[in-house]
Amino acid sequence: MLSFILIFIAAVFFTGIIVRTKSMASGRKGPGILQPIKDVIRLFRKGAVYSQTTSFIFQIAPTIYFSSVVMAMLVVPFGQYKGFISFSGDFIFFAYILALGKFFSILSAMDTGSSFEGMGASREALYSMLAEPAFFILMGSLALLTGHTSFQEIFSALHIGSYITYALAILATFVLLMIAMIENSRMPIDDPKTHLELTMIHEVMILDNSGFDLGLILTAGYLKFAIYGALIVNLFIGVFPYGYTIPLFFIIQFSVAITIGLIESFMARFRMGHNAQFIFALTSVSLLIFFGALLILGKFI
Amino acid sequence: MILIKAFIVILVTVSALIPFIKGNAKGILAFTAILLNTLASSWFAVQCLWGENFEFIFKGSYITGIIPVRIDALAAWFLIIINFVFLTGSFYGLFYMKVYSNQKNNIKLHAVALIWLHAALTGICVIQNSIVFLIAWEVMAFSTTLLVIFEHEKTATIKAGINYLIQSHVSIIFLMLGFIWVAFKQGSYDFNAITVYTTQHPEITILMFLCFFAAFAIKAGFVPFHTWLPYAHPAAPAYFSGIMSGVMIKIGIYGILRMLLIIKPDYTTIGYIILIISVISGLYGVMLAIIQHNLKKLLAYHSIENIGIIGIGIGIGCIGMGSANQLLAGLGFAAALLHTLNHALFKSLLFYTAGNIYQATHTLNIEQLGGLIKKMPQTAVLFLIAAIAICGIPPFNGFVSEFLIYSGLYHWLQLASLFSSIAIGFTILGMVMIGGLAMLCFTKAFGVVFLGNPRMEFHQVIKDPPFLQLLPLYIITVFIVSIGIFPMLFLQLLSRPVLLFTADLPLQHAFQLKTAEVLQPFSWAMWGLILLILAMFTIRKIITRKQKQSIATTWGCGYIVPSSKIQYTANSFVRSYRKLFRPFLLLYKNTREIKGIFPDKGYYATHTYDKIEEWLIDRPIRAFKSLLSRFLFLQNGKLQFYILYGIIFIVSIICIPLFYEKIIQFIAFLNQL
């Protein structure tokens with residue numbers, strides 16, 4: 001339950017911090033930290049326009065997408081404290097529940113009959129497929145390292161002590177951060193601020209959504225960032241007592257948000273054709289972690 | 001005993017009666033026969049799942065020896081699946097085949113073949129005498145061919161039928177090889193003789209098992225034995241494609257499991273072999289499924305993928321048995337058996353919905369369809385549920401079995417050595433890729449077929465079939481959903497069949513405890529998901545109730561006359577995938593560009609082909625043909641020569657016995673040299 005509340009609070013500020021970092025990096029003053037939330041609240045009050053091509057899929061998809069993200073959030077633990085739902089293999093559930101949301105968001109993009117949205121849908125389906133192995137191998141190597149198979153048990157048993165574990169923790173952070181960027185269609189993969197539909201992924205899929213539905217999709221995006229931020233936090237806080245972990249949680253979330261902001265400010269988007277290679281390269285980084293874990297356990301002899 | 005006799009009597013009388021019946025009653029009679037036979041076999045099966053075993057010994061004849069009919073929990077589980085799919089399938093078929101009711105003789109043959117197929121499949125599950133087993137196997141192969149070539153006026157259908165018939169017989173050759181080997185050594189056709197023989201000669205068990213594995217893998221459609229599958233499924237009537245994909249290929253899985261029980265090979269080695277073949281099957285099946293344009297062919301390739309997933313479960317189970325790890329074996333076999341049921345459910349549902357689409361639009365080319373969700377909402381929802389289930393996405397049944405496989409893999413990882421960790425990494429990678437690619441494939445299929453605008457205009461009215469025809473589809477859906485949200489219930493049913501594999505290992509109920517511990521919160525999570533989605537819908541409804549909603553055209557980035565032709569097509573949806581996976585795929589492009597001042601009609605068409613089929617079947621056949629063509633001079637069309645060949649043949653037949661002694665001596669002489 002604790003993790004749920006903390007992730008929720010983090011989500012409120014997360015995107016605002018990214019936006020603020022970006023504007024400061026480019027020498028602007030930028031909007032307030034809470035501007036994204038204000039945008040969403042404004043959207044919740046607005047009416048909606050539906051395309052005449054769309055069917056009920058288009059209407060239910062944003063809700064299912066949002067619910068899937070909330071459900072995934074319920075699984076994430078906070079250090080030693082379990083998430084709302086916890087069982088062995090819950091990270092599989094986590095990944096597949098996010099896939100449910102993706103499935104529906106892809107379908108809702110196809111539902112509009114627009115070629116742009118079809119393009120976005122196609123890319124989303126391909127890239128999320130390529131990103132998933134990295135997550136599973138990463139969790140597999142953590143499971144191997146700790147001997148447990150649920151989020152909470154893995155994270156509370158994870159001790160970062162030796163040199164190799166430092167290296168592994170850095171690699172794992174990198175992988176999780178990059179998965180977060182892919183899942184949220186952020187910079188090296190996709191540019192949310194681009195103005196050309198042909199080069200978008202996520203933004204082009206939600207071209208036709210408006211009003212409450214768009215608000216849900218945006219909120220889900222904010223939550224997703226905070227969820228992956230929380231996973232990164234969990235890599236480090238397993239052994240610390242209560243009093244330290246909560247400030248640590250916010251510090252790490254804050255620095256993740258700033259990192260994302262900085263990446264977005266100083267990096268250009270990849271060419272679409274190169275994305276696939278980059279994403280799949282993440283899997284090889286995960287494999288590196290996997291072999292690192294084998295090395296620590298002394299199975300390499 | 002009486003029930004078994006009744007079963008045979010029903011089979012024979014009904015198939016004798018059907019040719020004399022006119023009108024729609026044929027179909028109903030065939031359905032009734034299947035229903036009665038289903039009840040008879042389910043009577044045993046249900047009791048077996050509660051822990052009773054049956055053994056009936058029939059006297060048989062001089063040739064066959066005694067015919068034991070043994071029904072254990074494994075057979076029972078497959079009997080239940082066969083019966084369920086046959087009942088729903090033939091009920092759906094009653095309506096599906098109405099269109100063809102003017103082809104009277106064709107329909108009669110079709111109905112008889114269907115009943116015989118059901119009987120043959122039932123027989124294969126329970127008969128434990130190799131000769132009778134082979135007869136049942138042959139009946140299955142032959143009746144399936146008859147059922148596949150229903151639309152025999154099409155060349156493609158006949159080709160598919162012959163392709164299937166030949167490949168089935170290749171499978172039979174392997175079976176015969178194995179059975180004759182044992183019968184020759186042991187002098188008995190009873191399956192127990194195989195156990196006796198292989199325990200006495202442990203050095204040949206792996207070879208023996210691989211022989212049977214090859215036979216059953218052809219039936220199940222493991223890569224590289226899959227090439228018949230993508231032809232036979234699209235050619236058959238949709239309802240029968242569902243049955244075929246639902247149960248007939250599963251009989252291959254049954255065979256493999258049965259042989260594991262009978263032969264008791266070195267489980268670890270066998271486990272790795274099955275695991276590797278299965279991962280490759282799964283990946284290859286889905287990789288080819290994505291680029292198909294024919295909806296049924298796409299589904300056929302997905303059958304290969306799902307057979308791969310089942311195989312991964314079997315592989316994990318075998319390795320668990322090999323390392324005496326009760327829990328791992330339990331998880332692996334439970335996942336395999338549950339996925340067998342799951343796949344039977346959602347794949348038959350997908351084929352039936354494809355049948356609905358075919359009946360309404362007369363095409364299965366997904367590039368010509370589109371926007372069907374508005375005209376066929378019920379079919380669309382059923383297809384959507386099945387699509388979510390087949391992608392292994394919660395809260396439906398596909399996820400439960402995939403979750404069990406993942407649990408098995410991650411559990412195994414804790415105890416693994418370096419070699420097996422690499423195998424696990426490879427398998428996890430494969431499973432995840434399969435899931436992701438399946439999602440790509442089914443978002444494509446559903447998105448292009450049902451969503452957006454129609455891509456072609458149809459002159460007939462397109463609508464959902466009548467409720468009765470949809471009834472079996474709804475029943476299947478109920479099971480898909482309930483396995484998803486009550487996985488415990490179905491795993492309990494599975495405990496007996498799994499016990500067969502794990503019984504002689506220690507820590508008997510660790511598996512049950514473990515699954516209970518894992519699956520209880522798991523099913524709560526499923527419930528939570530459903531409740532959460534419902535709650536969100538309510539909130540959305542309440543908030544948006546007062547808000548203004550308007551309808552407009554799709555945002556076209558400033559372009560205001562959208563045409564259905566500018567929609568994303570199936571081909572363009574998978575374009576970036578296709579480029580990425582080009583080394584594995586075989587695509588032929590056929591284009592004619594528009595050029596010149598008075599241009600002709602231009603076109604662009606792509607054809608997909610199977611690389612493994614090209615290398616494994618087409619090229620050897622071509623090489624063989626070119627070899628044989630050197631002897632073409634013998635077939636010169638002159639009658640005199642043919643008579644000469646006949647005379648040479650007859651003379652040599654007569655002479656060989658005469659010179660037998662001499663030949664023997666000559667060979668002995670050669671040997672001395």
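**Notebook: domains, salt bridges and a charged patch**

I began with the layout of chain B: the C-alpha centres of its domain 1 and domain 2 lie 58 Å apart. Domain 1 of chain B covers 275-510 + 559-584, and domain 2 covers 636-672; such bounds come from an automatic or database domain assignment.

A note to myself on the ground rules. This is a predicted model, in which local features need pLDDT of at least 70 and side-chain atom pairs count only at pLDDT 80 or more, while totals for chains, interfaces and linings use all residues. Residues are numbered from 1 along each chain as its sequence is written, chains are lettered from A and ligands numbered from 1 in the order in which they are written, and side-chain values use heavy atoms, with hydrogens and water left out.

Next I looked up salt bridges (a side-chain nitrogen of Lys or Arg within 4 Å of a carboxyl oxygen of Asp or Glu). I found 14 salt bridges over all chains.

I picked out B:Arg70 and B:Asp190, whose side chains meet in a salt bridge at 3.1 Å, N to O. B:Arg70 sits in strand S2 (residues 65-71) of chain B and B:Asp190 in the loop between helix H6 (155-186) and helix H7 (191-200), so the pair ties together parts 120 residues apart in sequence. Helices (H or I, at least four residues) and strands (E, at least two) are DSSP runs, numbered from the N terminus. B:Arg70 is buried at 13% relative accessibility, and B:Asp190 is buried with a relative accessible area of 13%. Here buried means under 20% relative accessible area, exposed over 50%, and partly exposed in between (1.4 Å probe, protein chains only).

Then I turned to B:Asp72 and B:Arg258, a salt bridge with its closest N and O atoms 2.8 Å apart. B:Asp72 lies in the loop between S2 and helix H3 (73-96) of chain B and B:Arg258 in helix H11 (residues 250-263), 186 residues apart. Both B:Asp72 and B:Arg258 are buried.

Last, I checked a positive surface patch, formed by B:Arg575, B:Lys579, B:Arg582 and B:Lys589. Patches take residues with over 30% relative accessible area and no salt bridge, joining like charges within 9 Å and nonpolar side chains (Val, Leu, Ile, Met, Phe, Trp, Tyr) within 5 Å. I placed B:Arg582 in the loop between helix H23 (575-580) and strand S4 (586-592) of chain B. B:Arg582 is exposed, with a relative accessible area of 52%.

Key:
Accessible areas come from the Shrake-Rupley method with a 1.4 Å probe; for residues, only the protein chains shown count as cover. Lys and Arg count as positive and Asp and Glu as negative; His and the chain ends are not counted. The place of a charge is taken as NZ of Lys, CZ of Arg, CG of Asp or CD of Glu.
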